[in-house]
Amino acid sequence: MRQWDSKYLGDQGYSAIEILRTFYGSSIYINTSEEISGVPASWPGFELVIGSNNSKVKQMQDQLNVISRAYPLIPKIASDGIYGPKTANAVKVFQQVFNLPQTGVVDFSTWYKISIKYVKRRKSIN
């Protein structure tokens with residue numbers, strides 16, 4: 001695939017799959033997955049803040065607890081799916097350790113940094 005040819009097709013309104021099929025044939029498809037290379041389900045599409053209460057909070061809490069084994073400065077927290085002050089504090093410490101803005105809010109950048117560190121930690125355990 002040539003960069004400027006694909007850009008031209010995109011400018012003409014072609015979708016990603018249509019561009020790929022132009023270069024590689026009609027048998028090409030785009031697959032989706034809940035987990036790619038050990039990375040758990042992705043960004044929920046909204047920030048996790050104090051008061052959040054859902055499965056994404058629990059997922060993030062579980063991941064922080066795994067990461068904290070290698071980074072003991074990050075406090076262990078309850079994996080209950082409730083984003084309270086202790087979770088916010090653990091997030092702030094994580095953000096400090098990994099040079100992110102220390103907001104205590106799990107935004108897009110923090111979510112993916114947690115995911116990356118979690119996957120690296122899981123691979124080193126196995």
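Buried means under 20% relative accessible area, and exposed means over 50%; values in between count as partly exposed. The model is predicted.

**Exercise 1. Classify the ring pair of Phe-94 and Phe-98, and state whether the two residues are buried or exposed.**

Step 1. Start with the total: the structure holds 5 aromatic pairs.
Step 2. Take the distance between ring centres. For Phe-94 and Phe-98 the distance is 4.7 Å. The cut-off for a pair is 6.5 Å.
Step 3. Take the angle. The two ring planes stand at 45 degrees, so the pair is tilted. Stacked would need under 30 degrees, edge-to-face over 60.
Step 4. Phe-94 and Phe-98 are both buried.

**Exercise 2. Which residues do ring pairs link into a cluster?**

Step 1. List the members: Trp-43, Phe-108, Trp-111 and Tyr-112.
Step 2. State the link. Ring pairs join these residues into a cluster.

**Exercise 3. How many salt bridges are there, and which side chains meet in them?**

Step 1. Side chains of opposite charge can pair when their charged atoms come close.
Step 2. Apply the rule. The count comes to 2 salt bridges.
Step 3. Name the partners. Lys-7 meets Asp-11, at 2.6 Å from N to O. Lys-58 meets Asp-62, at 3.2 Å from N to O.

**Exercise 4. Where do Asp-62 and Lys-58 lie, and how exposed is each?**

Step 1. Find the element. Both residues sit in helix α3, residues 55-68.
Step 2. Read the spacing. Asp-62 and Lys-58 are 4 residues apart, about one turn of the helix.
Step 3. Check accessibility. Asp-62 has a relative accessible area of 31%, so Asp-62 is partly exposed. Lys-58, at 34%, is partly exposed.

**Exercise 5. Describe the backbone, location and exposure of Asn-99.**

Step 1. Read phi. Asn-99 is not a glycine, yet its phi is positive, about 55 degrees.
Step 2. Asn-99 is in the loop between α4 (85-97) and α5 (108-125).
Step 3. Check accessibility. The relative accessible area of Asn-99 is 69%, so Asn-99 is exposed.

Conventions:
Residues numbered from 1 in each chain as written. Predicted model: local features only at pLDDT ≥ 70, side-chain atom pairs only at ≥ 80, totals over all residues. Heavy atoms only, no water. Salt bridge = Lys/Arg side-chain N within 4 Å of Asp/Glu carboxyl O. Helix = DSSP H or I, 4+ residues; strand = E, 2+ residues; numbered from the N terminus. Buried < 20%, exposed > 50% of the residue type's maximum accessible area, 1.4 Å probe, protein only. Phe/Tyr/Trp six-rings, centres within 6.5 Å; stacked < 30°, edge-to-face > 60°.
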